[in-house]
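I opened a notebook page for a structure that was new to me.

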Amino acid sequence: LYVSHGTQTEVIDTQTNKILGTIPDTDGVHGIAIAGDLGLGFTSNGKDNSITVFDLSSLKIRNTIKVGNGPDTIVYAAQSHRVVTFNGRSKDATVVDAKTGNVIGTIAVGGRPEFAQVDKSGSIYFNVEDTSELAVLDPTTLKLTHRFPLKPCDSPSGLAIDDQQRLYSV
């Protein structure tokens with residue numbers, strides 16, 4: 001279990017309830033994404049506009065990557081090996097190659113992005129809080145493929161996806 005504490009992230013063994021370690025220097029950590037197939041983890045650090053890349057087995061920091069302003073949620077799309085932060089203050093998304101740590105691109109999303117989910121095909125769905133929409137990002141082409149109005153929903157924040165690929169926006 002990865003638990004963010006504002007400036008650091010604790011890793012807890014849920015079988016024993018013991019702390020396995022700490023990932024330091026994750027200033028303003030908002031989210032954690034796990035790339036189990038690559039043995040890497042990623043935190044979105046909202047106060048210093050960065051991603052911290054860490055090794056899952058040792059919890060050692062490998063790299064810090066600069067992204068847009070105010071990264072909030074972060075997801076890993078295993079199909080494309082891309083990590084995406086959704087940056088609230090700059091109203092964009094930063095796409096990173098998870099294998100190399102290189103920023104591939106930044107996409108304007110037309111509003112303040114909030115929570116995101118990845119479907120089985122690798123498409124990324126995310127709430128746009130200030131426009132009350134759900135948008136879809138293709139992390140391979142770096143294009144927004146759809147926008148769905150959610151009104152009368154006001155300021156959608158949470159987003160979940162179930163096994164049948166149904167989305168639930170709150």
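Before the pairs, the terms: I count two strands as paired if DSSP finds at least two bridges between them. Helices (H or I, at least four residues) and strands (E, at least two) are DSSP runs, numbered from the N terminus.

I noted that this is a predicted model, in which local features need pLDDT of at least 70, side-chain atom pairs count only at pLDDT 80 or more, and totals for chains, interfaces and linings use all residues. Residues are numbered from 1 along each chain as its sequence is written, and side-chain values use heavy atoms, with hydrogens and water left out.

I looked up strand E13 (residues 124–128) and found 5 bridges joining it to E14, with the two running antiparallel. Tyr125 stands opposite Val136 in E14. The E13–E14 hairpin has 4 residues between its strands, and Ser132 in the turn has a positive phi of about 50°.

On to E14 and strand E15 (residues 143–149): 6 bridges join them, again antiparallel. Here Ala135 has Arg147 in E15 as its bridge partner. These strands also form a hairpin with 4 residues between them, where Leu142 in the turn has a positive phi of about 60°.

Is strand E14 mostly covered or mostly open? I found 5 of the 6 residues in E14 (133–138) buried, where buried means under 20% relative accessible area, exposed over 50%, and partly exposed in between (1.4 Å probe, protein chains only).

Entry: the open sheet.
I traced a sheet of 4 strands in the order E8-E9-E10-E11, with antiparallel pairing. Strand E8 (71–77) and strand E11 (103–108) are the edges, each pairing on one side only. Inside this sheet, 6 bridges join strand E9 (residues 82–87) to strand E10 (residues 92–97). Val84 stands opposite Val95 in E10.

Entry: the cores.
For me a nonpolar core is a set of buried Ala, Val, Leu, Ile, Met, Phe, Trp, Tyr and Cys residues joined through side-chain atoms within 4.5 Å. Which residues have the most contacts inside the largest one? I listed Val84, Phe86, Ile124, Phe126 and Leu137, in a core of 14 residues. E8, E9, E10, E13 and E14 each give two or more residues to this core, and E13 gives the most, with 3. Apart from this core lies another, of 13 residues, including Ala33, Ile51, Ile65 and Tyr76.

I then checked Phe126 for contacts (heavy atoms within 4.5 Å). Leaving aside neighbours within four places in sequence, Phe126 touches residues including Phe86, Val109, Pro113, Leu137 and Leu159.
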